[in-house]
Amino acid sequence: MAKYEVNPAAVEQAKRLIEGRQYVLDSDWGEVQPRAEQQNAYLENHSWEEYAAWHLGLTVGPQDETKARYAFVIGDFRRIHRTALIASVYRASEWRHKAVELAAHDLLQLLDAKSGLTA
């Protein structure tokens, strides 16, 4: 099983997007998450650094500037999605990637607080 580290650039970008209210609170992540063709289109006009900042996890082993290096996408290349964070918490928890799980959880709590979803 692959091992993942938390991507600090993604955490910082997510915080900026949340603070700037650039998020989607209700989406079907299975339908809106970027597919290969959307990822390729994004990479045609953006740097690998910008692409990486949309991925909460860095796969241990693969080189930078390869798609295999980046995991746990948290947005649609424009806005962060609450359902992407939920999916990241769930998947990281299921696969026992505690650091990524906790990073996604913390971002989810921040998003909920910022958007008024917390009681």
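Thr59 is buried, at 9% relative accessibility, where buried stands for under 20% relative accessible area, exposed for over 50% and partly exposed for values in between (1.4 Å probe, protein chains only). The model is predicted: local features need pLDDT of at least 70, side-chain atom pairs count only at pLDDT 80 or more, and totals for chains, interfaces and linings use all residues. Residues are numbered from 1 along each chain as its sequence is written, and side-chain values use heavy atoms, with hydrogens and water left out.

Thr59 belongs to strand E3; helices (H or I, at least four residues) and strands (E, at least two) are DSSP runs, numbered from the N terminus. With residues up to four places away in sequence not counted, Thr59 touches Ala2, Lys3, Tyr4, Ala68, Arg69, Tyr70 and Ala71, contact being defined as heavy atoms within 4.5 Å. Between the C-alpha atoms of Thr59 and Asn7, which are 52 residues apart along the chain, the separation is 9.4 Å. His55 also lies in strand E3 and is buried, its relative accessible area being 4%. Beyond residues up to four places away in sequence, His55 touches Asn7, Ala10, Tyr70, Ala71, Phe72, Val73 and Phe77.

Phe72 is placed in strand E4 (residues 70-73) and has a positive phi of about 60 degrees, although Phe72 is not a glycine. The relative accessible area of Phe72 is 2%, and the residue is buried. Phe77 is located in the loop between E4 and strand E5 (80-81). This residue, likewise not a glycine, has a positive phi of about 75 degrees. Phe77 is buried, with 12% relative accessible area.

Asp64 occupies the loop between strand E3 (55-59) and E4. Apart from residues up to four places away in sequence, Asp64 touches Arg69 and Tyr70. The side chains of Asp64 and Arg69 are joined by a polar contact of 2.8 Å. A polar contact is a pair of N or O atoms within 3.5 Å; within protein, one must be able to donate a hydrogen and the other to accept it, and residues adjacent in sequence count only if both atoms are side-chain atoms. Asp64 lies 8.8 Å from Ala52, C-alpha to C-alpha, at 12 residues apart in sequence.

Ser27 is situated in the loop between strand E2 (23-24) and helix H2 (29-32). Its relative accessibility is 16%, so Ser27 counts as buried. The side chain of Ser27 makes a polar contact of 2.8 Å with the side chain of His81 and a polar contact with the side chain of Thr83 (2.8 Å). Neighbours within four places in sequence aside, Ser27 is in contact with Val32, His81 and Thr83. Leu25 is found in the loop between E2 and H2 and counts as partly exposed, at 32% relative accessibility. Leu25 and Arg91, 66 residues apart in sequence, are 19 Å apart in space, C-alpha to C-alpha.

Helix packing was considered next. The axes of helix H1 (residues 8-19) and helix H6 (residues 98-115) cross at roughly 10 degrees and come within 10 Å; axes are lines fitted to C-alpha atoms, for helices over the stretch in contact, with angles from 0 to 180 degrees between N-to-C directions. H1 is therefore roughly parallel to H6, a label for angles under 35 degrees, with over 145 counting as roughly antiparallel, 65 to 115 as roughly perpendicular and the rest as oblique. From H1, Val11, Ala14, Lys15, Ile18 and Glu19 meet Ala103, Leu107, Leu110, Leu111 and Lys114 of H6. Of the residues in this contact, 7 are nonpolar, none polar and 3 charged. Ala, Val, Leu, Ile, Met, Phe, Trp, Tyr, Cys and Pro count as nonpolar, Asp, Glu, Lys and Arg as charged, and the others, Gly among them, as polar.

In helix H3 (residues 36-45), the residues Gln39, Tyr42 and Leu43 are buried. Viewed down the axis of H3, the buried residues fall within an arc of 100 degrees, so they line one face of the helix; the arc is that of the directions from the helix axis to the C-beta atoms. An α-helix has 3.6 residues a turn, so residues three or four places apart point the same way. The buried residues of H3 pack against helix H4 (48-52). Exposed residues Glu37, Glu44 and Asn45 are carried on the face of H3 turned away from its buried side.
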